[in-house]
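User: I have a structure open and would like to go through it with you. Could we take it one topic at a time?

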Amino acid sequence: MKKTPSITFEQQILDELKFSMARDSISASRREWWIATSMAIQRIIIARMMKTLAVHNEGNVRRVYYFSMEFLMGRLFANNMIAAGVLDQISDALKNLGHPLDETRDEEYDMALGNGGLGRLAACFLDSLATLDLPAIGYGIHYEYGLFKQEFRNGYQVELPDAWVRYGSPWEIVRPQHQQEIPVYGHIETHLDDAGKTHPVWVGFRKLIGVPYDIPIPGFGTETVNFLRLWKSEAPEEFDFEAFNRGGYEEAVRQKNMAETVSKVLYPNDTTDAGKELRLLQQYFFTACSLRDIIRRFQKDNKDWSTFPDKVAIQLNDTHPAIGIPELQRLLCDDYGLPWEEAWSIVTRVFAYTNHTLMPEALEKWSVGLLRKVLPRHLQIILDINKSFLEEVEKKWPGDGDKKRALSLIEEGHDQMVRMGHLSVVGSHSVNGVAAIHTQLIKTELFPEFNALWPQKINNKTNGITPRRWLLACNPRLADLITRNIGHGWERNLSKLRELEPLADDASFREEFMAVKLANKKRLAKRIFEECGIEVDPSAIFDVQIKRLHEYKRQHLNLLHILWLYRRLIHDPKLNFTPRVFIFAAKAAPGYDMAKRIIKAINAVAAKINNDPLVQGKIKVAFMPNYRVSLAQRIVPAADLSEQISTAGKEASGTGNMKLALNGAITIGTLDGANVEIREEVGDDNIFIFGNTVDQVRTLQAQGYNPQQYCQENPELAEIINWLGSDFFSESETRDALAPLRDNLLYHDPFLCLADFDSYCKAQEKVSKAFTDKPRWGKMAVLNTARVGKFSSDRTILEYAKEIWKLKPVRVR
């Protein structure tokens with residue numbers, strides 16, 4: 001790629017500052033320098049994007065449309081510089097202008113339009129789609145407030161608004177000319193047409209306007225730039241002028257405020273009826289806008305609806321966008337007049353569904369009453385789909401009522417519920433899991449009847465991560481070391497890292513590799529002190545668990561191990577002990593009480609341990625606040641040990657395990673999700689596996705799991721749990737604050753922490769022993785990096801493209 005002289009970028013940045021922002025170089029703030037620099041980078045990317053659009057439009061290409069409620073994009077500054085090929089030039093230009101790159105890049109707010117792995121996976125997939133020259137558009141919601149900003153007060157999580165877009169974003173392009181109008185609420189009337197046939201007609205509805213904001217997604221090492229289109233909700237009219245003139249000011253803007261609420265916040269609290277209604281509105285709003293946008297694009301160059309599946313592939317990222325299935329059926333039948341069977345044939349050839357959870361309670365269900373209120377026509381269509389589907393079930397299993405109840409889109413009960421997971425399976429031509437073990441469990445436990453009905457429909461696509469963000473951008477020291485030894489090419493073909501394997505036995509390379517790790521640990525130690533006020537020793541094991549806070553992910557099992565170590569140190573301060581720094585980062589859902597108590601417990605234990613002179617600094621615990629992509633990019637390169645300790649059979653895949661292993665962290669984990677495949681790749685000697693397997697978990701639960709049994713067999717465990725719930729870790733004004741967590745473990749323990757505790761502690765002792773053997777640990781770290789090339793999102797996307805989407809690359813010359 002041709003390089004542009006730094007002086008050109010200096011002038012471009014100054015020009016953006018002056019002509020786009022009306023600021024001069026003397027008075028401009030650091031954030032304004034960042035915006036001006038971003039605008040200069042964006043010019044390069046937009047030029048490539050225009051070329052890409054021209055090629056795609058001229059070729060009338062087939063595209064994949066990726067529907068997701070979440071896109072956890074993080075910061076785009078560094079990645080866009082890398083993709084544009086101007087990182088060094090921009091760095092030099094900023095240095096010459098007196099604004100070092102590292103200081104300038106920290107002015108960017110994370111684009112926090114997601115909650116966890118689901119949204120981050122979507123972001124990685126967009127990067128890979130562009131890098132692989134695959135025509136693609138992502139669709140989601142332009143949330144005004146992303147996932148909340150987290151603070152700790154007295155150890156408790158406090159949620160604050162995260163107004164990431166308050167001051168605008170230099171990466172966005174608003175497209176008001178492509179806004180869409182969608183109906184909501186209303187009722188159904190039966191009308192007669194000229195031929196005397198009856199038709200349901202949706203009337204009396206209100207309208208929402210969806211305004212699209214585009215974020216260009218540049219590929220690496222290619223000219224292709226795809227884009228992510230996010231919908232912002234607005235009212236059809238700004239306000240009721242007549243009401244305003246009457247003096248009814250609140251009434252005049254009520255409709256505007258209600259409409260704008262739809263895209264206001266990521267994941268409203270859906271424990272209330274109003275929250276459920278808003279969440280359903282969000283899901284319908286973005287899928288309906290997106291489908292109209294897809295049809296608009298299709299109709300520019302195509303007239304025959306039979307070719308729609310040849311031009312359009314839609315991937316549903318979990319069940320959130322599943323309402324798009326009846327919406328497309330409605331559009332084809334009601335708005336475009338296609339016969340039902342023809343429309344349904346198109347729908348089922350267009351949609352594909354990715355499942356991300358094995359827990360039935362996490363598969364969305366909407367009450368029939370709520371759908372009748374918000375989307376009355378869609379309820380009719382879902383019932384018609386179900387009627388036709390159950391006729392197919394009857395043919396397969398005549399007279400089998402149990403099969404019909406298991407497969408029906410409607411769950412009978414006090415309140416009839418529409419099963420969105422079932423709708424996703426019925427309305428899609430492909431259903432995929434995201435790790436080999438996860439897919440097998442979908443077939444045998446989650447959807448066994450569907451698998452028996454359609455044995456070819458369910459398939460596996462193991463998740464992956466983009467190496468551009470999760471190595472090249474976040475760990476430049478390691479990226480440089482790799483490139484110096486095996487050359488370029490690994491950035492687009494991660495399997496090339498296998499060439500590092502022989503170097504694992506090279507002492508000088510291992511020393512360089514671990515020197516990079518130590519430098520990253522020192523950098524993180526500085527950040528921990530700045531944010532948490534805790535001094536940590538970079539030579540200690542950096543034991544890392546960073547992920548969404550949920551009981552099945554078992555941060556509290558990690559905490560029990562910390563207490564086990566702490567207790568032993570108190571009893572014997574001279575104990576031969578490998579120092580550890582336990583690093584947590586996680587957010588709990590605002591309405592998830594037990595998860596928030598686990599955060600409080602970790603912070604309470606940390607406060608004691610970090611200030612206990614008996615510990616002598618051998619254990620430190622740091623819970624870093626406000627977990628987000630940019631923080632993960634600081635923690636991942638510094639990790640020695642990667643905690644992937646979910647209850648076997650509960651984690652669909654996980655991608656944090658991949659990011660950490662790629663950066664030379666050793667995994668300690670159960671045989672759950674992608675851990676199984678990581679072990680296959682890195683080898684048994686380079687991972688620490690513990691705990692009950694999926695089959696053993698199933699057996700324990702079938703027998704009637706009793707956590708008290710493990711306390712009776714291990715009195716030390718019982719003492720640790722009771723200690724956790726005592727006043728020792730609770731402030732006087734919050735006495736018994738941790739008792740609910742203690743009682744949950746002693747009497748319920750739904751995710752089998754106590755059943756795995758002994759195995760976990762033994763595995764951790766092996767970790768400590770291995771870490772003190774520096775050559776061995778260095779070799780393990782190198783081999784983890786060398787052997788996880790399989791977990792590139794490029795590989796995942798190529799599998800989707802070949803086996804599900806039938807999508808071919810289109811090069812932009």
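This is a predicted model: local features need pLDDT of at least 70, side-chain atom pairs count only at pLDDT 80 or more; totals for chains, interfaces and linings use all residues.

User: Where does Arg62 lie?

Analyst: Arg62 lies in the loop between α2 (30-59) and β1 (63-67).

User: Which side chain of opposite charge is nearest to Arg62, and how far away is it?

Analyst: That side chain is Asp310, at 5.6 Å. Arg62 is buried and has no salt bridge, because a salt bridge requires the nitrogen and the carboxyl oxygen to be within 4 Å.

User: Which backbone oxygen atoms does the side chain of Arg62 reach?

Analyst: The side chain of Arg62 reaches the backbone oxygen of Pro309 at 2.5 Å and that of Trp805 at 2.7 Å. Leaving aside neighbours within four places in sequence, Arg62 is in contact with several residues, including Pro135, Val312 and Leu807.

User: Changing topic: how many cavities are found?

Analyst: The search of the whole structure gives six cavities of 30 Å³ or more. The largest cavity has a volume of about 200 Å³. Its lining consists of 16 residues, and Asn79, Asn80, Asp127, Ile217 and Arg469 are the closest to its centre.

User: Which element gives the largest share of that lining?

Analyst: The largest share comes from α3, with four residues. At least two lining residues each come from α3 (77-84), α6 (117-131), β11 (206-218) and α19 (467-473).

User: What about the second largest pocket?

Analyst: The second largest pocket holds about 1400 Å³ of space. Its lining has 44 residues, and those nearest its centre are Ile82, Leu87, Leu472, Ala473 and Pro476. Elements that each supply at least two residues of this lining include α3, α19 and α21 (507-532).

User: Now helix α11: why is it described as largely enclosed?

Analyst: Helix α11 covers residues 324-335, and ten of its twelve residues are buried, so the rest of the structure largely encloses it. Among the buried residues are Gly324, Glu327, Arg330 and Cys333. Just after α11, Gly337 takes a positive phi of about 70 degrees.

User: How many salt bridges does the search find?

Analyst: The search of the whole structure finds 55 salt bridges. One of them joins Asp402 and Arg405, with the closest N and O atoms 2.5 Å apart.

User: How far apart are Asp402 and Arg405 in their helix?

Analyst: They are three residues apart in helix α15 (residues 401-407), so about one helical turn separates them. Asp402 is exposed, with a relative accessible area of 55%, and Arg405 is exposed at 53%.

User: Which partner does Glu411 have?

Analyst: Glu411 forms a salt bridge with Lys365, and the closest N and O atoms are 2.8 Å apart. This pair links distant parts of the chain, as Glu411 is in strand β16 (residues 410-411) and Lys365 is in strand β15 (residues 365-367), 46 residues apart. Glu411 is partly exposed at 23% relative accessible area, and Lys365 is partly exposed at 34%.

User: And which residue meets Lys779?

Analyst: Lys779 meets Asp505 in a salt bridge, at 3.0 Å from N to O. Lys779 lies in helix α32 (residues 774-787) and Asp505 in the loop between α20 and α21, so this pair ties together parts that are 274 residues apart in sequence. Lys779 is partly exposed at 33%, whereas Asp505 is exposed at 55%.

User: Which residues are linked in a network of salt bridges?

Analyst: Such a network links Arg175, Asp214, Arg229, Asp293, Arg296 and Arg297.

Technical notes
Residues are numbered from 1 along each chain as its sequence is written. Side-chain values use heavy atoms; hydrogens and water are left out. Buried means under 20% relative accessible area, exposed over 50%, partly exposed in between (1.4 Å probe, protein chains only). Lys and Arg count as positive and Asp and Glu as negative; His and the chain ends are not counted. A polar contact is a pair of N or O atoms within 3.5 Å; within protein, one must be able to donate a hydrogen and the other to accept it, and residues adjacent in sequence count only if both atoms are side-chain atoms. Contact means heavy atoms within 4.5 Å. On a 1 Å grid over the protein atoms alone, a cavity is a set of points where a 1.4 Å probe fits but cannot get out, and a pocket is an open set with protein on both sides within 12 Å along at least five of seven lines; lining residues have an atom within 4 Å of a point. Grid points are joined across faces, edges and corners, and a volume is the space filled by probe spheres set on the points.
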